[in-house]
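Reader: I would like a close look at a single part of this model, taken slowly and with the terms spelled out.

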Amino acid sequence: MTIDHAATELFEADRDRLASLAYRLLGSAADAEDAVQDAFLRWQSADRSGIDVPQAWLAKVVTNLCLDRLRSAAARRERVAGSWLPEPLLDGDPLLGPAETAEQRESVSLAVLVLLERLAPVERAVYVLREAFGYSHAEIADMLDISESASQQHTHRARRHVASARRGGAVDPAAARKIVTAFLAAAVSGRTEQLVALLTQDASGITDGGLTGKILVYPNPRRMIISLRGAFKATATKRRILGGPVSFHADIVNGSPAAIAVRENGEVLGALVLETDGDRISHITSAGYPSRVARLGELWRQREHSEPILTTW
């Protein structure tokens with residue numbers, strides 16, 4: 001296949017936007033990048049003389065490639081088995097853009113990505129195209145080969161479905177550090193009342209089990225507090241398994257405050273993402289499976305960081 005350099009430049013200028021669309025649909029950076037690369041191959045082989053708006057054409061191709069993945073037998077087996085969790089991304093990762101509006105920021109929060117997973121693939125696609133990228137119902141109808149009224153109905157259902165995960169405005173580093181500091185102090189203390197004071201009454205959590213990769217769900221504050229007290233009880237055995245002492249830093253992951261666990265050599269072990277409702281924590285996602293935090297860890301190592309909040313764990 002002959003490479004058209006002008007067409008390649010046009011595609012590359014749109015790559016980050018396409019990848020962020022695919023990430024919202026698939027919840028995985030690696031899968032998103034694979035879908036975008038497949039779209040690039042289709043773009044190179046297409047008859048581009050009949051494509052009036054390349055950006056719209058590319059968005060349509062990426063969306064439908066993602067839908068094919070979501071509908072695949074392998075994807076259905078993974079999700080039914082309960083082994084799926086969104087891949088957390090560090091603030092500044094291009095896959096998190098655009099993030100100018102509240103709707104755009106919400107569409108990449110881990111809680112919303114989990115809720116979107118429970119929608120039919122076409123409903124998920126309509127929600128993302130409408131809320132995160134501002135496409136009209138007419139444009140969405142053309143992309144997905146549905147009617148405008150169907151697009152409107154899918155949007156309404158999806159908005160209603162994710163309403164419980166909606167939160168406040170953007171989080172800045174200072175606010176994130178304050179929340180993470182309070183959370184780590186309560187978790188390390190082992191005092192139930194301190195943790196209760198930080199959580200909403202219906203707070204929940206989920207973990208990928210770290211090195212085990214086993215998904216565990218904590219449906220209420222009581223179950224989550226029991227888990228947190230055990231997880232943050234430092235022992236020599238835990239340090240040996242983890243390869244030595246671990247420090248915790250504050251950062252922002254998928255738009256929410258996060259505690260980043262880091263080894264002495266700078267390797268990221270995992271992230272605890274603290275999604276908030278006002279001034280309390282409503283959902284905690286713990287991610288530590290190596291492949292799930294690899295991209296986050298790579299970006300982390302490229303940056304300067306403030307002092308760790310906790311260094312003695």
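Which residues touch the most other members of the largest nonpolar core?

Author: This is a predicted model, in which local features need pLDDT of at least 70 and side-chain atom pairs count only at pLDDT 80 or more, while totals for chains, interfaces and linings use all residues. Residues are numbered from 1 along each chain as its sequence is written, and side-chain values use heavy atoms, leaving out hydrogens and water.

A nonpolar core is here a set of buried Ala, Val, Leu, Ile, Met, Phe, Trp, Tyr and Cys residues joined through side-chain atoms within 4.5 Å, where buried means under 20% relative accessible area with a 1.4 Å probe, protein chains only. The largest such core has 62 residues, and F11, L21, Y23, V128, L144 and I260 touch the most other members. Helix α1 (residues 5–26), a DSSP run of H or I with at least four residues, gives the most to this core, with nine residues. At least three residues come from each of domain 1 (5–165) and domain 2 (173–302), bounds that an automatic or database assignment supplies.

E87 itself lies in the loop between α4 (73–80) and α5 (102–106). Although E87 is buried, it has no salt bridge, a term that requires a side-chain nitrogen of Lys or Arg within 4 Å of a carboxyl oxygen of Asp or Glu; the nearest side chain of opposite charge, R295, is 5.3 Å away.

How values were computed
Helices (H or I, at least four residues) and strands (E, at least two) are DSSP runs, numbered from the N terminus. Buried means under 20% relative accessible area, exposed over 50%, partly exposed in between (1.4 Å probe, protein chains only). Lys and Arg count as positive and Asp and Glu as negative; His and the chain ends are not counted.
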